[in-house]
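Let's learn to read helix packing together. Have a look at the model first.

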Amino acid sequence: MKFFPSSLVLAAFCAAGSAMAANAPINATEVTRTYTRIAHATFEDALEQAKTLQKEVQQLLAQPSANSLKKARNAWVAARVPYTQSEVFRFGNPPVDEWEGQVNAWPLDEGMIDYVAKGYNHEMGNIAATANIVANKELKIGTTTLQLDPITPALLATLNELGGSEVNVATGYHAIEFLLWGQDLNGTKPGAGDRPHTDFATGKACTNGNCERRREYLQAATALLVEDLETMTKTWANNKDSYSQELLGKPEESIKIMLFGMGSLALGELAGERMKVALEANSTEDEQDCFSDNTHNAIYYNAKGIANVYFGEYARVNGSSVKGASLADLVKAKNPALHQRMVAALEKTDTALQAIVKAAEDPAKPMKFDQMIAESNSAGATLIKNGINALVAQTSVIEEIAKAFGISHFAPDTADHSF
């Protein structure tokens, strides 16, 4: 699963002054062009995989069975591969930051969506924590009564952060994940969610009630995900009105955006929110892909997205690749030693995160992320700490790169974590 290019022989040229000067063989405009092409391809792949997920969901609803549910789940896992690589385009690109919450918000209080186990652990003070949209055609929040019938993509989009709570997530990958898997009631022991396919059956075969509305919800949430990814794919298209063209008009600023996105995803989001929080709290509620036990892959492909931007190369789902002038080219031309340090830092992160994937997918005795964060699991804690430390070190090199290019006031988002 190595994500580094087969050859690191990149163009090297040291122009007078900055390697980002307009007359350099590799310049900021060309690097920005590669960046926008990779962004477009990544979101386009995420869209195509979401469409495949939608087809499998339609098949599940047409013929509910253990097999059709398994295929829908597999399609969800596959859909996460390109999407999680796209998260490096957050943090500095406003169109992505403003859009992302509807698509990938987590953690969520699943009781807002559907039935949950008695006494489940939800956020304190969340007035919608047990709203159960699937079971209720209307919902009273304070003095307001919300009409929840029929369940449509437009309705679901209005229900995010219901009652002012960020954990009230009605849409996106994780709402769909919960509907396909159900709660993971295993805590830090082996096992993922195990929703029966009969929760999507019709008539007397329906289990746990409200199957028709549950079917409506799953269909609407999947349709909205496809719509959202269509929007973002168009945002990065190569045309005169796209966000890509806006970035190409300010290439020097775009380099800063690239580095800020890489550093913020690595540090505050990945090392902090997605790994450190769950480990320190021993909290499965803070695991990212918690219902499916797919967190190890989400973490790995987040880091892969960072490497994609640095090396200017993205491996598409269809086997083709998008590549071109890269940050690596610029750094190597300006400071070959710094480039080699960045390559080493990325390789160290790759090794650490592959160790997490290997443990999670061990055919003899898999240890998923939610098992790794158990209070008594020192081996799991070491795996996660190694990943965190590698990401922190990697971010330090990114900060050095920013300094080398004269980027002032550069501070990747820490999400209020200290390392």
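Q: At what angle do helix 11 and helix 13 pack, and how far apart are their axes?

A: Welcome! This is a predicted model, where local features need pLDDT of at least 70, side-chain atom pairs count only at pLDDT 80 or more, and totals for chains, interfaces and linings use all residues. Residues are numbered from 1 along each chain as its sequence is written, and side-chain values use heavy atoms, with hydrogens and water left out. An axis is a line fitted to C-alpha atoms, for helices over the stretch in contact, and angles run from 0 to 180 degrees between N-to-C directions. Here helix 11 (residues 336-360) and helix 13 (residues 378-404) pack at about 160°, with axes 9 Å apart. That makes the two helices roughly antiparallel (angles over 145 degrees).

Q: Which residues of helix 11 and helix 13 meet?

A: Contact means heavy atoms within 4.5 Å. Among the residues that meet are Leu-338, Met-342 and Ile-356 in helix 11, and Leu-383, Ala-390 and Ile-401 in helix 13. The residues of this contact divide into 17 nonpolar, four polar and three charged. Ala, Val, Leu, Ile, Met, Phe, Trp, Tyr, Cys and Pro count as nonpolar, Asp, Glu, Lys and Arg as charged, and the others, Gly among them, as polar.

Q: What are the angle and axis distance for helix 1 and helix 2?

A: Helix 1 (residues 28-62) and helix 2 (residues 66-86) pack at about 170°, with their axes 8 Å apart. That makes helix 1 roughly antiparallel to helix 2.

Key:
Helices (H or I, at least four residues) and strands (E, at least two) are DSSP runs, numbered from the N terminus. Angles under 35 degrees count as roughly parallel, over 145 as roughly antiparallel, 65 to 115 as roughly perpendicular and the rest as oblique.
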